[in-house]
Amino acid sequence: MSLITIIGRGHSGTRAISNTLAASGVYMGEPLNGSWDLVPPQDMYDACKVFAKYVDWQGGLSWDWQRAFAAEPPPEFVRLLKSYLKSVLASNAEHKGWKIPETTLCFPWIHKLFPEAKYIFWIRNPRDCIIGNHVTDDMRRFGIDYPDTVDERERRAISWRYQYDLVKACAKPEQWIEVRMEDFVLKQDETLKRLETFLGFPLVKIPVKPEAVGRWLIDDQDTNTRTNYYDMFEPAMREYNYEMPAAPVSKTAAFTPNYEETKVPAYTLPELLRRNNGVGVQNKEQWPARRAEILDIIASQQFGRMPTKQLPCRFTVVEEGEAFTGKARRQQLRVFFSDAPLPAMDLLVYSPKNASGPVPAFLGLNFHGNHTVAADPDIILANGWYRNNADYGVSDNKANAASRGKATETWSAEYLVEQGFALATAYCGSIDPDIDDGFHNGVHPLFQAPGWTGRADDEWGTIGAWAWGLSRGLDAIEKLCPAIDAKRVAVIGHSRLGKTALWAGANDPRFAMIVSVQAGCGGGALARRRFGETIWRITTAFPHWFCLNYNRYQDAEATMPFDQHMLVALAAPRPLYISSAADDLWADPKGEFLALKNAEPAYALFGKNGLGQDVLPPLNTPIGDSIGYHLRPGKHAVTRYDWEAYVAFAKKHLG
Ligand code: GCU
């Protein structure tokens with residue numbers, strides 16, 4: 001009788017071996033899911049959490065498992081594991097075993113409990129392992145700490161590395177075999193023989209798919225590294241003979257941001273109020289000409305020029321109803337960008353039902369789909385491409401009902417309605433998917449001349465398209481939303497969409513107010529400070545957001561004919577609000593404050609007051625008159641606190 005355990009990170013292709021074992025008469029427990037995993041997994045998950053209490057994260061990619069190695073598995077762990085494995089343990093089959101990727105997370109204690117078992121360690125090229133999402137991507141769910149990252153692929157890579165390091169650090173069971181998934185697929189006979197020798201019984205040959213090998217080569221969703229490679233893979237890739245990338249492709253992973261104020265270089269900002277011909281701007285009458293110059297500089301050098309061609313956009317009301325226990329009216333509008341059904345954008349609008357007249361509104365793009373904005377089952381799940389995201393339950397690049405309401409606080413729609421505001425929002429990916437796809441998706445092709453082969457240096461990118469889409473959202477409001485006063489619409493956005501809000505506000509004077517949240521590099525933060533994210537990093541990681549000219553300023557910020565104070569000043573004299581988060585150093589809170597500070601002269605031309613102080617305010621202290629700012633504690637996110645500040649500012653300016 002033999003007991004077999006398969007170890008291997010999620011997406012390592014472990015189903016190939018458990019399928020083989022099951023087909024060869026090994027009892028793999030019951031019930032099994034489609035990956036031949038023994039389910040339900042909850043007890044195994046809980047067991048992993050017990051194990052995690054014995055793991056000490058030491059920062060970076062370093063974890064100490066000594067306490068776990070030294071301890072006997074506690075009774076709680078044993079109970080959970082036995083409960084998870086009950087069908088296997090109770091079976092009298094001659095050969096039995098189990099597989100579930102989470103096993104790897106608590107492998108040392110499984111080894112202690114089943115020292116006699118035969119362990120098959122299944123390995124796959126990590127570049128292929130991190131393409132799809134897996135429950136272990138975010139190891140915090142299992143109680144394991146790791147360095148924060150907003151890059152989901154990097155998060156998967158970290159989980160991969162953790163599991164590799166853990167297996168390597170642990171003493172090997174006596175009966176242990178390591179098998180590369182690629183060998184199983186490409187040299188199946190040879191690999192089956194090895195496994196048969198190890199297991200001591202014959203194995204059935206299951207059908208395998210050669211295209212499962214090297215999937216990263218055709219993966220086009222890897223926006224950060226382009227080749228799914230992170231330096232943290234190197235030891236494992238060398239150990240298991242995976243070909244290393246020839247060029248230093250993991251450029252972005254190698255980037256070390258500066259977070260020290262003392263290392264901020266000395267800099268001089270281009271003068272906001274000096275015309276290109278050297279003449280100073282003295283009064284508000286001279287501002288429009290200077291403003292046009294700035295707009296042209298930033299269009300040609302950073303975001304790309306907005307297209308001048310008008311598209312035959314069509315606007316329709318798709319659905320209307322009520323929400324938030326009758327407090328709100330809901331409208332769902334569809335904007336068709338051409339005569340065809342796609343691309344199209346759904347604009348979700350909530351407005352106060354009992355308003356006595358048209359109300360002011362916030363209009364912004366969302367990251368994950370309208371259905372995430374509120375737990376309102378009537379929100380339409382839009383078509384189009386969605387970034388895979390474990391937290392939002394998206395694994396096939398399609399909108400998923402599991403993510404309904406996940407961004408409720410981020411949008412605080414009910415609160416806005418209670419405060420007398422409308423909220424209008426659309427999914428950014430329905431204007432242009434956030435992937436570097438050569439501009440073959442989204443609205444870009446609608447503007448490309450026949451025979452277009454690639455972008456001119458000043459041709460727009462994804463942020464430009466999103467900003468353009470926001471203006472179409474405002475068109476839709478003007479045409480179809482009597483509940484909203486279209487002259488009192490604030491454009492708002494977070495992070496990459498906060499850069500977008502600034503650019504939309506700059507291009508479309510109809511936006512009555514502009515709110516940009518933690519937009520950081522390329523948004524509200526001064527580039528010359530090189531604090532946190534830099535132009536090199538952002539253009540390397542997200543080349544599709546900007547125009548090609550922006551690459552000129554990689555590590556050459558001092559040569560820029562502009563800086564972000566000029567971008568934010570394009571809002572003048574309209575009310576402008578930026579907020580930062582103290583832990584979000586990547587977005588350089590102080591750099592955002594200073595950009596606003598240096599935009600004040602444009603407001604002064606109109607007799608308008610700006611921030612009212614020269615130094616960063618204390619936490620949770622909104623400041624400013626026509627230019628507002630606050631710094632709150634916490635992370636990169638939009639919180640209810642943030643909304644309360646925007647609402648107070650909007651009440652002052654939009655009434
Ligand atoms: C990345 C990127 C930032 C961006 C952020 C976001 O962190 O480097 O520039 O603002 O993503 O959009 O969340």
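User: Are tryptophan 545 and phenylalanine 546 buried or exposed?

Analyst: Buried means under 20% relative accessible area, exposed over 50%, and partly exposed in between, with a 1.4 Å probe and protein chains only. Tryptophan 545 and phenylalanine 546 are buried. This is a predicted model, in which local features need pLDDT of at least 70 and side-chain atom pairs count only at pLDDT 80 or more, while totals for chains, interfaces and linings use all residues. Residues are numbered from 1 along each chain as its sequence is written, and side-chain values use heavy atoms, with hydrogens and water left out.

User: How many aromatic pairs are there?

Analyst: Rings of Phe, Tyr and Trp (its six-membered ring) pair if their centres lie within 6.5 Å; planes under 30 degrees apart count as stacked, over 60 as edge-to-face and the rest as tilted. The count comes to 39 aromatic pairs by this rule. For tyrosine 45 and phenylalanine 142, the ring centres are 5.2 Å apart and the planes stand at 85°, so the pair is edge-to-face. Tyrosine 45 is buried, at 17% relative accessible area, and phenylalanine 142 is buried at 2%.

User: Which residues do ring pairs link into a cluster?

Analyst: The cluster joins Phe362, Trp411, Phe421, Tyr577, Trp643, Tyr646 and Phe649.

User: Which residues of α2 meet α4?

Analyst: Contact means heavy atoms within 4.5 Å, and helices are DSSP runs (H or I, at least four residues), numbered from the N terminus. Asp43, Met44, Asp46, Ala47, Val50 and Phe51 in α2 meet Glu76, Phe77, Leu80, Leu81, Ser83 and Tyr84 in α4.

Methods:
Helix = DSSP H or I, 4+ residues; strand = E, 2+ residues; numbered from the N terminus.
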